[in-house]
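Here are some notes for a colleague who is opening this entry without having seen it before.

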Amino acid sequence: MNDIIGMIAEVTTPTEVEFVASKDHIPQVGDYVVLEFDGNRSVLGMITHVERGSMELSERSLRFAEEVEKIVRMIGGKPSNWARATVRLLGMVTSTENGIELVMPRSPPPTGGAVRRAPSDVLRRIFSDAGQVKLGHLLTREDVDVKIDINEVVSRHLAVLAVTGAGKSNSIAVIIKEVVERGGPVVLFDMHSEYAGIDLGNDCPVIELDPFLDVNKLSLKELAKLLGVSYEKAAKQYIYLRRAWKLIDQAHKKDKINELIREAGGNPGGDVDFLECLELVVKKMLDATGSDRKSVKLIDSEIEVESKDKGSIYSLLARIGNLKETYGDIIKPNEGEIADRIRGGALVVVKLGSVDTEISDVIVGHALSTILARAKRRVMHKMPHVPVLTVLEEAHILIPNDRTTYTREAASRIAREGRKFGVGLILVSQRPKKLDQDVLSQMVNKIILRIVEPEDQSYVIRATEFMSEEMLGYLPSLNVGEAILVGPMVKIPAMVKFDKFEGKRGGVSIKATDIWGRSSEEKGNPYWEMIR
Ligand SMILES: Nc1ncnc2c1ncn2[C@@H]1O[C@H](COP(=O)(O)OP(=O)(O)O)[C@@H](O)[C@H]1O
Ligand SMILES: [Mg+2]
């Protein structure tokens, strides 16, 4: 039967058929086949499930290995192999001006039709010719490169989901390298500083940033979040914060900030620091609660203060002091924005490993909002604009499903509007079920590597169109770097083996036994000092 690998035995649903494999041919999950259709047409499909058995050994109530051994010996050592495979139909391959297109047939293919392996040149036209960014090759075909359409990632976003160690960060590094080489700007929010020291090769510039926040660039909401003052939980504190902040903002806009500082009892001159100003103004408010005049007059404004709010104002002042003390080295005035550091054809890595979740949330949320706001402004004013790709590692931390965060709001805005303004978002996570489901479902493209936890699997299934129950079954058995790609970045779903990132990726994990071994060999040596 030359290149025929099986015959269609059953049509299970309009989009799914089962075939019986030719003798001694074991189909591979993830491989592509063409099914004979009426006349000379054929339909492309992907194998999603394979069952294998042998005539001699199945349907017997065998209970001991010895029984199986006996039968195998009796039949001369070689049990027959049969295989049945499920194929998900993908469409009829038709050539158009824009390359290859897949059109679903209006009826299922007939039973009894032949099944052939899809020719590699057809697959190459689908997976290699349509995209620009090479990720690897088809899992079942080393000779077919898989390239994704990165334009679709920028406009429809991407989620990279898998257990730790499955190859998420490697995939990200491969994508980033290709994008940067094509002149694209990339900003990577590196929650665990695992990309520190990354080298993309080919002299691609990498700009590593320690986290910083320019307090003068923050909105009232962001500042309130940093101070831990929410309107819901501490309305009074929030109201006084807002009054003080508005005053400072006005003074700044009217170029009267030095005047304000002087009147509030500070030393004007040098770089303006909104947080210092805020502290001075709130101190003035606190003073006023003890005096007869129940207001603070600064520059040409007057702020109402009530004596009974002394406690709230005191708390607010304490929070400002606390913020300065805790994040003094991160909150810097006049440092500018992370968005200012973005360059075409360069990677910006924001290393967040050393800071806690609270401030990371404001740093990432603020940066994402700024990037979107700038893109929006440029597009609206018809100014030249370069699309930007943003990547958030460990996305479940800052975009969790159980509380609103600043980053979640910003990410959700990008997910909804990024398409129009050329801001793409890639979310990376090993805990899909802990990720906000609304945002996750808007990441239309997905790279799914090994996933073991059943709840994580079902979340992925729910958020992914193509994934079938059968495919789900294979998620735990994927090896490192093996992934299922779905979404418009690929013409049809693909199982790929990712390339190994060639450059140097930072963040190598420590091998404890190597160090322990060395230290015991050199007893009494300074190694022991390293713990103290
Ligand atoms: N496609 C691949 N080919 C070869 N090795 C890989 C591949 N993907 C990942 N690895 C290796 O597997 C390990 C874990 O990969 P990593 O990307 O850090 O996983 P994750 O980010 O999912 O925790 C690394 O040592 C990496 O070099
Ligand atoms: Mg990782």
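1. E222, K225 and L226 in α5 meet I359, V362 and H366 in α10; contact means that the C-beta atoms, placed from the backbone, lie within 7 Å. Sorted by class, the residues of this contact are three nonpolar, one polar and two charged. Here Ala, Val, Leu, Ile, Met, Phe, Trp, Tyr, Cys and Pro count as nonpolar, Asp, Glu, Lys and Arg as charged, and the others, Gly among them, as polar.

2. This is a predicted model, in which local features need pLDDT of at least 70 and side-chain atom pairs count only at pLDDT 80 or more, while totals for chains, interfaces and linings use all residues. Residues are numbered from 1 along each chain as its sequence is written, and chains are lettered from A and ligands numbered from 1 in the order in which they are written.

3. Helix α5 covers residues 220–227, and its axis comes within 9 Å of that of α10, crossing at roughly 165°. That makes α5 roughly antiparallel to α10 (under 35 degrees is roughly parallel, over 145 roughly antiparallel, 65 to 115 roughly perpendicular, the rest oblique). Axes are lines fitted to C-alpha atoms, for helices over the stretch in contact, with angles from 0 to 180 degrees between N-to-C directions. The crossing of α5 and α10 is left-handed, meaning that the near helix is turned anticlockwise from the far one by less than a right angle; clockwise would be right-handed.

4. Helix α10 itself runs over residues 357–380, 24 residues in all, and reaches 34 Å from first C-alpha to last, close to the 34 Å expected at 1.5 Å a residue. The expected span is 1.5 Å times one less than the number of residues. After α10 comes K382, with a positive phi near 55°.

5. Helix α12 (residues 406–421) also packs on α10: the axes come within 9 Å and cross at roughly 25°. The two helices, α10 and α12, are therefore roughly parallel, and their crossing is left-handed. Among the residues that meet are L368 and L372 in α10, and I414 and F421 in α12. By class, the contact of α10 with α12 has eleven nonpolar, four polar and five charged residues.

6. Which residues of α6 meet α8? They are Y240, A244, W245, L247 and I248, and their partners in α8 include F274, L278 and M285. The contact of α6 with α8 has eleven nonpolar, no polar and no charged residues. Helices α6 (residues 235–253) and α8 (residues 274–289) pack at about 125°, with axes 10 Å apart; they are therefore oblique, and the crossing is right-handed.

7. Overall, the protein has 16 helices and 22 strands, counted as DSSP runs numbered from the N terminus (helices H or I, at least four residues; strands E, at least two). The C-alpha atoms fill a box of roughly 105 × 70 × 50 Å along the principal axes.

How values were computed:
Two residues are in contact if their C-beta atoms, placed from the backbone, lie within 7 Å.
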